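This report covers the packing of one predicted model.

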Amino acid sequence: MARPTRVGIYVRISKDRKGQELGIQRQEKACRELCERMGWGVLKVYPENDTSASTTSKRRRPAYTEMLRDAREGLIDGIVVYSIDRLTRRITELTHFLEEQKEHGFAFATTEGEDTATANGRMILTIKGAVAQQETERMSERVNNSLLQRREQGKPHAGGSRLFGFKEGSNLQEVEPGEVELIRLGYQILLDRGTPGDVARAWNERGARTPEAGTAWDIQKVKRVYRSERIGGIVSYKGQDIGDSIYPHPLTREEWENVQTILDSRATPARKGSGKRKHLYSGFLKCGHCGSTMRIQWATIQGRTFRRTACHSSQVGANGERGCGKVIRRLDWIEARINEVVEAALAKRRPQAQAAPSEDLSGEIKILEERIRALRNRWKDGGMDDEDYYDSLTYLRSDLQTLRTREAASVVRETRTETDALAVWKDEDMQNLERRRAIVASVIDHVEVFSVGRGRKKPPELDSIRIWPVGAEPDGSKG
């Protein structure tokens with residue numbers, strides 16, 4: 001084989017915390033010295049700084065990909081690396097590289113003297129590649145075992161931006177008293193049938209801002225706070241509940257699980273009456289002719305501004321066809337009639353009887369917690385293998401989580417105060433719109449609206465709308 005004259009040098013370092021690229025500079029110097037001794041001409045250097053080539057890394061290596069592409073296309077006729085583990089730490093990737101070399105005929109050399117021209121040389125190279133992969137996997141195991149040990153000791157992972165409720169730079173070891181007070185206030189709001197939106201308003205009114213960007217709170221940001229296991233002092237590892245943090249945290253584990261029960265109950269598919277709306281009856285009004293959902297909008301005619309509801313051709317009707325556009329009505333009279341029906345239904349309601357005390361699960365929970373502690377002590381003392389320990393721990397944790405979920409649901413049911421629905425209904429503040437729509441959805445399924453024609457009477461006839469209560473069966477009559 002002729003001496004290559006257009007050699008590509010590939011240099012890579014996994015971690016360069018200071019960003020000085022000293023590691024790849026040393027590799028490049030050694031590779032250039034090798035090329036000079038062998039009389040190979042260097043054309044290009046392919047640097048890959050702060051990039052891992054291990055079996056656990058998911059990051060792409062663009063310089064490596066570019067180098068192989070140039071070799072396939074004949075732009076370079078040789079490749080030189082410092083050592084085989086700089087090229088790759090994956091045995092499958094090394095095998096692919098050697099196949100590419102054989103197919104396209106480019107030269108290959110390392111400063112450690114590997115020979116790919118013979119079968120014996122390729123075998124030795126493959127063995128070195130396997131050793132490099134094994135070392136990477138062993139290193140990963142050591143890191144994972146160290147992390148697991150820290151989690152077992154009750155030390156949570158503290159990476160990422162500052163979490164609301166904890167002090168900046170404390171690694172989740174110190175809480176921020178003022179923010180803890182807000183988190184506990186929000187917890188009580190949620191327990192008393194409040195919404196994440198109510199919590200956001202309460203926090204904003206007290207001048208609180210998000211720790212990341214210093215912006216106002218909204219529903220999603222509040223949910224992210226309460227969904228974080230760290231708020232409840234729960235330490236997890238690879239998605240598994242390991243134990244409780246040894247450091248202070250805003251909520252107890254039980255309180256955090258109560259919040260999850262509340263948030264999960266609100267995460268069901270949206271029904272009429274939910275979602276961000278500007279009008280109380282959006283989504284409830286149906287065209288009496290085609291069945292499509294009617295829009296509510298503001299209109300100005302002859303200098304007078306008012307709300308109206310209209311069947312629109314862009315809406316899909318009950319029969320799958322586009323809206324007919326035949327019905328356009330002022331909303332005020334329709335809204336007043338529906339209000340009367342809702343208020344009459346609420347006036348008939350009676351306070352719910354106090355639910356019977358739920359089963360006491362504290363004893364069963366305590367027994368499982370003691371079994372887990374005993375299991376952990378036995379494992380730490382060398383009394384059982386890792387595999388048996390993790391299998392048993394997973395089984396016990398699953399049972400414990402089931403009991404805690406049942407207990408959380410029970411606590412939520414028992415501690416929620418009975419709210420006067422009629423009082424909530426009469427609060428017409430826009431901040432209360434979501435609750436009022438939920439009340440409507442508990443009374444009314446939908447309202448059919450019919451055209452009243454030209455020369456209509458004032459007020460319109462009562463049968464120009466048909467109100468369908470929740471659970472009503474079609475009877476073919478208006479009313």
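Leaving aside neighbours within four places in sequence, isoleucine 338 is in contact (heavy atoms within 4.5 Å) with Tyr281, Leu285, Ile444, Val447 and Ile467. The model is predicted: local features need pLDDT of at least 70, side-chain atom pairs count only at pLDDT 80 or more, and totals for chains, interfaces and linings use all residues. Residues are numbered from 1 along each chain as its sequence is written, and side-chain values use heavy atoms, with hydrogens and water left out.

Ile338, Tyr281 and Leu285 touch the most other members of the largest nonpolar core, which has 28 residues. Such a core is a set of buried (under 20% relative accessible area, 1.4 Å probe, protein chains only) Ala, Val, Leu, Ile, Met, Phe, Trp, Tyr and Cys residues joined through side-chain atoms within 4.5 Å.

H10 gives the most, six residues.

Three strands form an open sheet in the order S7-S11-S12, with mixed pairing; two strands pair if DSSP finds at least two bridges between them. S7 and S12 stand at the edges with a single partner strand each, so one side of each lacks a neighbour in the sheet. S11 and S12 run antiparallel and are joined by five bridges. Valine 447 has isoleucine 467 in S12 as its bridge partner.

Terms used: Buried < 20%, exposed > 50% of the residue type's maximum accessible area, 1.4 Å probe, protein only. Helix = DSSP H or I, 4+ residues; strand = E, 2+ residues; numbered from the N terminus.
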